[in-house]
Number of protein chains: 2
Amino acid sequence: MTDTSLLIIGAAFTPEERSRLETAHAALFAASFAEVAALDSATRASVKAVAFKGHDAFSGANMDLVPNLGLIANFGVGYDAIDVDAADARGIKVTNTPDVLNDDVADLTVGMMLAYSRNLVAGHQWVMDGTWATGKALPLNRKMSGDTVGIVGMGRIGRDIADRLAAFKMDIHYHARSEKQTPDWTYHADVVDMAKAVDWLVIAIVGGEATRNYVGKDVLAALGPRGVVVNISRGTTVDEAALLDALEAKTIEGAALDVFLDEPTIDPRFLKLDNVHLQPHQGSGTVETRRAMAELQLANITAFLGGEALVTPVN
Amino acid sequence: MTDTSLLIIGAAFTPEERSRLETAHAALFAASFAEVAALDSATRASVKAVAFKGHDAFSGANMDLVPNLGLIANFGVGYDAIDVDAADARGIKVTNTPDVLNDDVADLTVGMMLAYSRNLVAGHQWVMDGTWATGKALPLNRKMSGDTVGIVGMGRIGRDIADRLAAFKMDIHYHARSEKQTPDWTYHADVVDMAKAVDWLVIAIVGGEATRNYVGKDVLAALGPRGVVVNISRGTTVDEAALLDALEAKTIEGAALDVFLDEPTIDPRFLKLDNVHLQPHQGSGTVETRRAMAELQLANITAFLGGEALVTPVN
């Protein structure tokens, strides 16, 4: 057996991130829950905290592999992979890494919207492959400033997105469980009503079962032929089959997506579309922000193992 | 001869733009100044106004091809292709299409900056070509929000860019001939001093001889290894050979460029770089804005031919 207080779980950890954790605490690494199960029982019993990264389901059964577990410290703001009810039932605390990634996610949202509307991928290729030099002009694109946008979810990330889009003179609508304190933005209690009123629909709600298929056929139909769906939340929040139908039939104009139902092996129907801008789930994917997330995850672990108050508890 | 009051000059006009002008006025079209020269002299003498689009030099000699010319109505805000002194000397008025394109140019600027920092072209290709599905993660990118940016030129377009970037919590510096009324932005009388203080350098000055090579070797050296040059003005405002040297040697980090010295046959050194985001001069290239520009050009022509005051005179 190895006496270790911290178990690092997830193939997604980079060498730098692992090394930061291993330097701070007596730690062991497992790429998957299968590798956790393969550890001897005394080693598993010595683990008090888990540093978790990835989208594998952290179920109650997986928690039971680590019988004396007290903390699951998630790398990321979205913790829908972790069964928090099961953690509660076992007296396990869960932490995440909120706020430090809001700027990056909001930046990516606006970047994808501009890349979509101004066709930046095709424009760059037009120059690089010599098409421009032949004298051929890039087809005209779509103006974004001044357009009407609806944000689904006005949490901290939704707000950071809206603040940026307001600087583009966009008419901001939002849908949330309750009206928020905002500038002169328009609140909609009903998401279908909002979809009727806007051209861009930006999804910024949490993932998980409660929001599965939150944006469905009815919302897409209400959005209409100038509508563009922008998703930076989780693939589960959109009825992906309905979205693909709408994109293929052009009952909406297009989509800009950073998240998908099956990542990274996404539905091959996406790859045939010419009215999408797609990103490989890189919402928080900058050097600066991943470092800040790693530091916040470590701060929660160090606080827990030292008997201090958690920095960013979930439950 | 053809008795025509309006001569439309420029291969860049779209069929829709030509037809709008031809519907409003007795008009004749010439793709180039060579075609103008080929018109019979009586036809040329009947022309009172020119609708101009493109970057061919509208010199005094070209003006003399149209002896009774009273107006050159330029399609675009930048009129550096037109010799305004020569027009003045001949009593010819010049108009342009300011303001209606500011939003689009500012949108493209921010879009190119986000496409550069978040590597959106590679990200989109990563998804579309199946690289993501192999499980390979996109390399981490660079955070833009909170960075320091210097705007060269705080005219109406510079201001529209700065207002957007302020929403990204960027620290805004600017260089202009004189200090402007702004929020708590930092004014620099000297462009080299500003380049030392910032990581992003956005060029938003007018083109023409007075600003040729305004951003030269000294500015690029001051910008340093984290520096990114963003040009949406004219290719002439940057010492392009010095910029290419700096990009190749990585004495600056990269560039996002919509304009070049020789468009559309740009310097082939650009096509070998991996630290650039390039666009085919599409600053105002949206359906909505090109229509607004066409309407403003026509409004100037109609005002002139009807003896009314010009809407947006240059001289």
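How many residues does helix α12 of chain B have, and how far does the helix reach from its first C-alpha to its last? Helix α12(B), residues 287-305, has 19 residues and reaches 27 Å. That is close to the 27 Å expected at 1.5 Å a residue, where the expected span is 1.5 Å times one less than the number of residues.

Some ground rules. This is a predicted model, with pLDDT of at least 70 needed for local features and 80 or more for side-chain atom pairs, while totals for chains, interfaces and linings use all residues. Residues are numbered from 1 along each chain as its sequence is written, chains are lettered from A and ligands numbered from 1 in the order written, and side-chain values use heavy atoms, leaving out hydrogens and water. Helices (H or I, at least four residues) and strands (E, at least two) are DSSP runs, numbered from the N terminus.

Back to α12(B). Its buried residues include Arg290(B), Met293(B), Leu296(B), Leu298(B) and Ile301(B). Buried means under 20% relative accessible area, exposed over 50%, and partly exposed in between, with a 1.4 Å probe and protein chains only. The buried residues of α12(B) pack against β1, α1, β3, β4, β5 and α6 of chain B. After the helix comes Gly307(B), with a positive phi near 75°.

Now the interface. Chain A puts 59 residues into the contact, and chain B puts in 59 residues. Contact here is heavy atoms within 4.5 Å. The size of an interface is often given as the accessible area lost when the parts come together. Here the buried area is about 4,900 Å², with carbon and sulfur atoms giving 63%. That area is what the two parts lose on being put together, 1.4 Å probe, summed over both. In chain A, Arg118(A), Trp132(A) and Lys143(A) lose the most area to chain B, together 15% of what that side buries.

Next, polar contacts. Between the chains, 26 residue pairs are in polar contact, both residues at pLDDT 80 or more. The cut-off is N or O atoms within 3.5 Å; within protein, one must be able to donate a hydrogen and the other to accept it, and residues adjacent in sequence count only if both atoms are side-chain atoms. Which helix of chain A gives the most to the side that touches chain B? That is α6(A), with 9 residues. By class, this side of chain A has 27 nonpolar, 18 polar and 14 charged residues. Ala, Val, Leu, Ile, Met, Phe, Trp, Tyr, Cys and Pro count as nonpolar, Asp, Glu, Lys and Arg as charged, and the others, Gly among them, as polar.

Last, salt bridges: a side-chain nitrogen of Lys or Arg within 4 Å of a carboxyl oxygen of Asp or Glu.

Take three of them. Lys169(B) meets Asp103(A) at 2.7 Å, N to O. The pair runs from the loop between α8 and β7 of chain B to helix α6 of chain A. Lys169(B) counts as partly exposed because its relative accessibility is 42%. Asp103(A), at 15%, counts as buried.

Second, Arg118(A) meets Asp104(B) at 3.7 Å. Both Arg118(A) and Asp104(B) are buried.

Third, Lys169(A) meets Asp160(B) at 3.1 Å. This one goes from the loop between α8 and β7 of chain A to helix α8 of chain B. Lys169(A) is partly exposed at 43%, and Asp160(B) is buried at 12%. Through shared partners, salt bridges also join Asp103(A), Asp107(A), Asp160(A), Arg164(A), Lys143(B) and Lys169(B) into one network.
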